[in-house]
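Please look over the structure shown here with this report beside it, taking one region at a time.

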Amino acid sequence: MSGDVAEVGIMTREEQMLLKHFNDLSERAYYQSRPCFSDFLDMNAQSLLLQYFKGPIGAELYGGYDFAERKIAVFSETEVTAYPVCWLEIGPSYPKYAEKLGHRDFLGSILGLGLERSCIGDLLMEGSTARVLSLERVRDFIIQELTQVRHTSVRAKVIDIPESIAKPKFETIHGTVNSLRLDAVISLAFHLSRSQSCGLIEGGQVYINGRLNTSNGAVLKDGDKISVRHKGKFIFSDNKNKSKKNKCIVEIHKYV
């Protein structure tokens, strides 16, 4: 059985190669009757998979928690209960003398070991400690080799999924919009002007349920998950009520 790629118009060579890679994984899972996994995919690659890939076995995405931005693709005909990833906690060896470290510092030091970005999932900060989802195959390498971030000595260890991730926190925003258009809801969620929201959408920064969306007029449905790069993520809730001025009353559950 050969996988089929839908008509996608003009594609870059990189996109064509990525779809071929997805097809290879899908066929391997089909013929060998075992789960097959990709490395971590950015949101553009995930969108390509969700919108255009058709193969003998479809794919699911897994990123360690509901609102993950970077995810692996999982090709399997049976339920998968174990994934080839693990959580690492990386923190100062001597917190009293540590510099103030941020996301960029940790990511730069990890990639500075010679690893590809596709080996690393989301990296979440809590103070000067990072929690990062990594592929299992690079786990021991990171633990052994990552000893310094900037001028601060650090240690890495395997941990269970952090409670703050397993039970995510949300800020609930109540408001009204003229319509359920994507640009109007993003403006409410992030306190932006309509033109700013349109710029993000048209600039390829907005994803609805993992799929890239560049249409300002896309109409949201109750339960849709929206990701806006460099801004944040939220779940849209439509209670289908109207205000006295006939505006739509909505709720936005923004991930914090």
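## Two helices in contact

This is a predicted model, and the description that follows should be read with that in mind. Helix α1, which spans residues 13-32, packs against helix α2, residues 43-52, at an angle of about 60 degrees, and their axes are 11 Å apart. Since angles of 65 to 115 degrees count as roughly perpendicular and those under 35 as roughly parallel, α1 and α2 are therefore oblique to each other.

The crossing of these two helices, α1 and α2, is right-handed. On the side of α1 the contact is made by Glu15, Leu18, Leu19 and Phe22, while α2 brings Ala45, Leu48 and Leu49 to it. Sorted by type, the residues of the contact of α1 with α2 are six nonpolar and one charged, with no polar residue among them.

## The sheet of five strands

Five strands form an open sheet, and reading across it gives the order β7-β8-β6-β10-β9, with antiparallel pairing. The edges are taken by β7 (120-126) and β9 (148-149), each of which has a single partner strand, so one side of each is left without a neighbour in the sheet.

The partner of β7 is strand β8, residues 129-135, and the two pair in the antiparallel sense over five bridges. Within this pairing, Met125 has Ala130 of β8 as its bridge partner. Helix α3, residues 103-111, packs on the sheet, where it touches β6 (85-92), β7, β8 and β9, and its direction makes about 145 degrees with that of β7.

## The sheet of six strands

A further open sheet has six strands in the order β11-β16-β15-β14-β12-β13, and here too the pairing is antiparallel. At its edges stand β11 and β13 (211-212), each with a single partner strand, so one side of each is left without a neighbour in the sheet.

Eight bridges join β11 and β16 in the antiparallel sense, and Gly175 stands opposite Val250 in β16. Between β15 and β16, which also run antiparallel, there are seven bridges, and Lys242 is found opposite Cys248 of β16. The pairing of β14 with β15, again antiparallel, has four bridges, and in β15 it is Lys233 that stands opposite Ser227.

## A covered helix

How many of the residues of helix α6 are buried? Helix α6, residues 182-190, is mostly covered, for nine of its nine residues are buried; among them are Leu182, Asp183, Ile186 and Phe190. What covers these buried residues of α6 includes strands of the six-stranded sheet, such as β11 (170-177), β12 (206-208), β14 (225-228), β15 (232-242) and β16 (248-255), as well as helix α7 (194-202).

## Residues with a positive phi

Some residues have a positive value of the backbone angle phi, and one of them is His191, which follows α6 and has a phi near 55 degrees. Another is Asn246, with a positive phi near 65 degrees, in the hairpin of β15 and β16, where five residues lie between the strands.

Arg150 is not a glycine, yet its phi is positive, about 55 degrees; this residue is found in the loop between β9 and β10 (152-159). With a relative accessibility of 43%, Arg150 counts as partly exposed. Lys240, also not a glycine, has a positive phi of about 60 degrees, but Lys240 is found in strand β15. With a relative accessible area of 66%, Lys240 is exposed.

Definitions and conventions
Residues numbered from 1 in each chain as written. Predicted model: local features only at pLDDT ≥ 70, side-chain atom pairs only at ≥ 80, totals over all residues. Heavy atoms only, no water. Axes fitted to C-alpha atoms, helices over the stretch in contact; angles between N-to-C directions. Parallel < 35°, antiparallel > 145°, perpendicular 65-115°, else oblique. Left-handed = near helix turned anticlockwise from the far one by under 90°. Contact = heavy atoms within 4.5 Å. Nonpolar A, V, L, I, M, F, W, Y, C, P; charged D, E, K, R; others polar. Pairing = 2+ DSSP bridges. Buried < 20%, exposed > 50% of the residue type's maximum accessible area, 1.4 Å probe, protein only.
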